[in-house]
Amino acid sequence: MRYLPLTPEDRAAMLKAVGAASIDDLFVDVPEEARLAGPIEGLPRHMPEMLVERELRRLAGRNMAAADHPFFLGAGAYRHHVPASVDHLIQRGEFLTSYTPYQPEIAQGTLQYLFEFQTQVARLFAMEVANASMYDGSTAMTEAIFMARRVTRRAKTLVSAGVHPHYVRAARTLARFTGDQLVTGAPEPARQPPGDDLAALLEGIDSETSAVVVQYPDVFGHIADLSELAAAAHAKGALLIVVVTEVVALGAIRAPGEMGADIVVGEGQSLGVGLQFGGPHLGLFAAREKHVRQMPGRLTGETVDAEGRRGFVLTLSTREQHIRREKATSNICTNSGLMSLAFTIHLTLLGEKGLRHLAQLNHARACQTADRLAAIPGVELLTPCFFNEFAIRLPVPARAALRDMAGMGVLGGVAATRLWPEHPGLANVLLVAATECVAPSDIDALARALTETLATEYAGA
């Protein structure tokens, strides 16, 4: 609805119903310092709709769109090419208007693609069972931590310094209400890469540990063998939770399940889902079958009807809104349906061979980019083993360098202090991602821009 056509009488009746004398009474709990003292400076009180649209287009034109410039941003959200067929298919009325399959007998198409999505995720992660998706990667990781507590009946979780800090903050926010204790590490600038703390995690596992959480590849792009960590966790009765923020990587590197992971979660945005200003994105969740009854979210199962025909149902649905809240396995009561469909269509179009080829393209572009940047005087490569993202250390603050490069029309990466503002030791660290969307000319532009930026900064120093 574009307008709320309430009359003064309507408003008076509503205020009377809630026991408020005026609209201002509805905001008494907002601190005085957080309230606006008057109109927002520079914002007109009202404008015709046509002029509003024109002004918004003008403001939007000031942005640097990912598709219009050399683009090397990553850190959990990646620019990949999404085939036009994906967008065309998800906009079919059958998919676009359906919400949730409360009545399976008339939602067979929805349940079938969710079943196929689950199968794809389970195979990608080399796990035995996957759910029908979560809201995003951060909430999936948080729910995995809660699931581990239900399985182990312990409350302490070790979280690697290589896990995306936004994921950790989301988990901390929700853990305030569950009693989970998160023991988190901090990236160390002297390490290569700064988030590599597997030795500390191995030493920290004890009989009170519920789970160990690691990202793969980690937020600095590093790829590590997690087999030893999984064995150490299992020896103490703990679970290994693996977080994957770049799912395309699994076309080139070992799946977490092959290294002993108990729960694997991730962000599915890279397949079928655009950057979309940060959302909506898509959470992935898979686990060992023996823990399936503790999984959050919903699961779609395959069955046969009374006449022996193949059909699909919601299974293990004694969760969320279906039963008493205190018995539910999570507060995730639906799934990212349209995004999971986009993921499934894209991955189906690729197939196994296509996914492997896509992964090879990503790795090749990243290697080319890393080689060019490492050859620039003063630039140090910090990630020795990576897929399509890596960290470098500059001789100048990364944020200042990024602003200079943006002025030259190049989006050069993500400054580490944007993710860890509380760690000034990371001020010169820059995260760079290169996907199949990066052309050789983009790499040339990045190298030129960084070279010129460093020369300018050196001169200024």
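1. The model is a predicted one, in which local features need pLDDT of at least 70 and side-chain atom pairs count only at pLDDT 80 or more, while totals for chains, interfaces and linings use all residues. Residues are numbered from 1 along each chain as its sequence is written, and side-chain values use heavy atoms, with hydrogens and water left out.

2. Rings of Phe, Tyr and Trp (for Trp, the six-membered ring) are taken as a pair if their centres lie within 6.5 Å, and the pair is called stacked when the planes are under 30 degrees apart, edge-to-face when over 60, and tilted otherwise. The count by this rule is 5 aromatic pairs. One of them joins F95 and Y113 edge-to-face, with 5.7 Å from centre to centre and 80° between the planes. Because F95 belongs to helix α4 (residues 93–96) and Y113 to helix α5, this pair ties together parts that are 18 residues apart in sequence. Y113 has a relative accessible area of 8% and is buried.

3. F115 and F312 also form an aromatic pair, a tilted one, at 5.3 Å centre to centre and 50° between the planes. Here F115 lies in helix α5 and F312 in strand β9 (residues 310–315), so the parts tied together are 197 residues apart in sequence. F115 counts as buried at 18% relative accessibility, and F312 is buried at 5%.

4. Helices (H or I, at least four residues) and strands (E, at least two) are DSSP runs numbered from the N terminus. The expected span of a helix is 1.5 Å times one less than its number of residues; for the 18 residues of α5 (108–125) this gives 26 Å, which agrees with end C-alpha atoms that are 26 Å apart. The buried residues of α5 include L111, L114, F117, V121 and F125. Just after α5, A126 takes a positive phi of about 60°.

5. Strands count as paired if DSSP finds at least two bridges between them. An open sheet of 7 strands runs in the order β1-β7-β6-β5-β4-β2-β3, with mixed pairing; its edge strands, each pairing on one side only, are β1 (129–130) and β3. Strands β2 (residues 156–159) and β3 (residues 181–184) are parallel over 4 bridges, with K156 opposite Q181. Between β2 and β3 the chain passes through helix α7 (residues 165–175) in a right-handed β-α-β crossover, that is, with the strands pointing away from the viewer, the path from the first strand over the helix to the second runs clockwise.

6. Contact means heavy atoms within 4.5 Å, and axes are lines fitted to C-alpha atoms, for helices over the stretch in contact, with angles from 0 to 180 degrees between N-to-C directions. Helix α5 lies across β1, β5, β6 and β7 (283–287), at about 70° to β7. Helix α6 (residues 137–152) also packs on this sheet, touching β2, β3, β4 (209–215), β5, β6 and β7, and its direction makes about 165° with that of β6.

7. A further open sheet has 4 strands in the order β10-β11-β13-β12, with antiparallel pairing. Strand β10 is joined to β11 (residues 389–393) by 2 bridges, and L381 has I392 as its bridge partner. Helix α10 (residues 337–374) packs on the sheet and touches β10, β11 and β13 (429–433), its direction making about 5° with that of β11.

How values were computed: Buried < 20%, exposed > 50% of the residue type's maximum accessible area, 1.4 Å probe, protein only.
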